[in-house]
Amino acid sequence: MKIGIVCYPTYGGSGVLATELGIALAHRGHQIHFITYKKPARLFDFHKNIYFHEVNSSEYPLFEYAPYETALASRMVDIALHEQLDVLHVHYAIPHASAAFMAKSILKEKNIQVPVVTTLHGTDITLVGLDAAYLPVVEFSINQSDVVTSVSESLKQQTKDSFEVKTEIEVIYNFIDENKFSRKEDLDFKNSIAPNGEFVLSHTSNFRKLKRVDDVIRIFEEVYRKVPAKLLLIGDGPERSTLEQLCRTIGLCDQIVFLGKQDAVERLLSISDLFILPSEHESFGLAALEALATKVPVISSNVGGIPEVNVHGETGYLSEVGNVKEMAKYALDILQDPVKLQLFRENAIKKANTFSKELIVPQYEKVYQKAIDKFS
Ligand code: GMT
């Protein structure tokens, strides 16, 4: 199939998932066309069957904001026409689903039918999409999509609760490339981070408020009082300077390492003992899945789709949002019991295998075929 993929090219979960999906599909022989404003962050190497088309929304003195959605829809039309796309797959509803609806309508005028598959990822439904500034367009464009998928049962339910959805929603979980995300012990590297055998705790995100990275630091503070430990903060975002200030205030700058955006997250996870994800919203928690795949138990909140990934008492523990004390207690529970740590590690990899690329990617192929069949 010839598939156009539209996504955010950043380190956010939806962009990561869309990029990994495009790579996996290309390896399965499909022709993939990424259509976005920048080369996707996880698309490092050259891959056979993958093409990247940049969207340029030109500035003009009249515009306070360049009309990206218009430029994106125009680019989708152009690529669909000239590359003869079979299907357009848009990730994250805003503004990709409405741009796709516009592109599809323009193509229809030219007697060309290109079905649209929309994947809902999270805050496009749970947060941003609920804003009155976007809601009617999000609802309309979901209903105009030929197939809609969501990344968890919880997100499917939330979509139904919050919007008047007429289209069936199919759940296709996030997946993991187990060749990339598998534990590769690297003692030299571990020693350089934790030279005295300290436990390594880690967290990855885009440091937005909803990720509650301050809770990560507070949990770590409690853990550090009881056991020698280091905290790796991977990623970057709007909260970073406030968080750096918090580390200074509590006097733990030497124990907490801000690593910024990293490409080889799997190397950092491979030297980690625990992963912390105390988010306020999380439709799935791809970062938690990446941790489980590298045999790292997860201490998390119990919101959204997280319980579908992290199993309480098996692969880690779940607590109410903001219950820092309990999350710290659970972290110590695992770290201070080597037998439990080993058991949870084994459970983690078993659970991660249920989200393997081999199991999930064919589900996308099926929905593409279903969308195409609607017009044949
Ligand atoms: O908040 C992020 O991490 C980015 C966000 C996005 O849409 O870019 O990620 C969402 O999509 C991921 C991939 O499907 C999910 O694993 C994340 O749980 C989800 N984030 C939230 O719901 C906050």
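Trainee: What is the relative accessible area of C7, and is C7 buried or exposed?
Mentor: This is a predicted model, where local features need pLDDT of at least 70 and side-chain atom pairs count only at pLDDT 80 or more, while totals for chains, interfaces and linings use all residues. Residues are numbered from 1 along each chain as its sequence is written, and side-chain values use heavy atoms, leaving out hydrogens and water. Buried means under 20% relative accessible area, exposed over 50%, and partly exposed in between (1.4 Å probe, protein chains only). C7 has a value of 1%, so C7 is buried.

Trainee: How many disulfides are there?
Mentor: A disulfide is counted when two cysteine sulfur atoms lie within 2.5 Å. C253 is in none, as the nearest cysteine sulfur, that of C247, is 5.7 Å away. The count comes to 0 disulfides.

Trainee: Which strand holds I35, and is I35 buried or exposed?
Mentor: Beyond its neighbours within four places in sequence, I35 is in contact (heavy atoms within 4.5 Å) with residues including C7, H53 and L88. Strands (E, at least two residues) and helices (H or I, at least four) are DSSP runs numbered from the N terminus. I35 lies in strand 2, residues 31-36. With a relative accessible area of 0%, I35 is buried.

Trainee: Which peptide bond is cis?
Mentor: Look at P95, in helix 3 (residues 93-109). With omega near -15°, the cis bond runs from I94 to P95.
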